[in-house]
Amino acid sequence: QKEVEQNSGPLSVPEGAIASLNCTYSDRGSQSFFWYRQYSGKSPELIMSIYSNGDKEDGRFTAQLNKASQYVSLLIRDSQPSDSATYLCAGKSGGSYIPTFGRGTSLIVHP
Amino acid sequence: EPEVTQTPSHQVTQMGQEVILRCVPISNHLYFYWYRQILGQKVEFLVSFYNNEISEKSEIFDDQFSVERPDGSNFTLKIRSTKLEDSAMYFCASSAGSLIDEQFFGPGTRLTVL
């Protein structure tokens with residue numbers, strides 16, 4: 001059973017701070033990982049994908065992958081109230097087109 | 001920017017009725033997917049579709065469900081005889097085609113079964 005685990009939160013950070021969202025996965029065969037943002041009542045919106053160990057930066061977002069520890073994280077710098085949402089981590093194994101989603105972490109950025 | 005579209009945005013139906021949810025994937029994408037999300041729960045995979053046939057499906061995708069690509073642009077999910085527990089958001093997604101490709105989601109259809 002492939003599992004992607006996330007702390008449901010909520011994670012509360014002040015505006016301007018760095019928000020750190022974490023995700024672990026059980027399937028060592030997982031090769032690609034995705035972070036989605038989901039506002040309440042809306043669909044998942046892709047933020048970033050990461051495939052290699054290390055960091056990948058895109059604007060205020062940095063994804064980090066550590067395959068040895070089976071750990072993925074998303075850092076949001078200079079957090080804004082508009083970043084308040086649920087963040088979904090998803091992982092895909094080699095040979096499958098289907099990502100397994102975590103339950104998501106609720107992020108609250110307060111002014 | 002190209003996007004996945006879905007209709008209707010909200011569907012209310014009586015238990016036992018058939019519903020068809022419609023999606024228009026991004027035009028140059030080759031793989032299409034249906035997911036559902038019950039309120040407060042995680043996104044669950046239902047089925048993937050490639051080259052006019054189902055490529056993968058989950059345990060949720062039983063005989064009550066079917067998918068079709070009736071023309072070059074639409075991708076549909078049919079639920080033959082809806083149950084109360086089918087009430088959920090249904091998301092269509094598409095990807096360009098390789099195994100590492102990102103999936104892009106449509107806005108969803110909220111299905112309410114009474």
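Guide: Within chain B, 54% of the contacts with a separation of 6 or more are between residues 24 or more positions apart, a contact being heavy atoms within 4.5 Å. This is a predicted model, in which local features need pLDDT of at least 70 and side-chain atom pairs count only at pLDDT 80 or more, while totals for chains, interfaces and linings use all residues. Residues are numbered from 1 along each chain as its sequence is written, chains are lettered from A and ligands numbered from 1 in the order in which they are written, and side-chain values use heavy atoms, with hydrogens and water left out.

Visitor: Why is Thr112(B) called partly exposed?

Guide: Buried means under 20% relative accessible area and exposed over 50%, with partly exposed in between (1.4 Å probe, protein chains only); Thr112(B) has 24% relative accessibility, and therefore counts as partly exposed. Thr112(B) is found in strand E11 (residues 109-113) of chain B, and, leaving aside neighbours within four places in sequence, is in contact with His10(B), Gln11(B), Val12(B), Thr13(B) and Ser87(B).

Visitor: How do you know that chain A and chain B touch, and how many residues of each are in contact?

Guide: By the contact criterion, 22 residues of chain A meet 24 residues of chain B. The buried area, which is the accessible area (1.4 Å probe) that two parts lose on being put together, summed over both, is about 1900 Å² here, with carbon and sulfur atoms giving 56%. On the chain A side, Tyr97(A), Ile98(A) and Phe101(A) lose the most area to chain B, together 33% of what that side buries.

Visitor: How many salt bridges does the rule find across this interface?

Guide: The rule asks for a side-chain nitrogen of Lys or Arg within 4 Å of a carboxyl oxygen of Asp or Glu, and across the interface of chain A and chain B it finds 0 salt bridges.

Note on methods:
Helix = DSSP H or I, 4+ residues; strand = E, 2+ residues; numbered from the N terminus.
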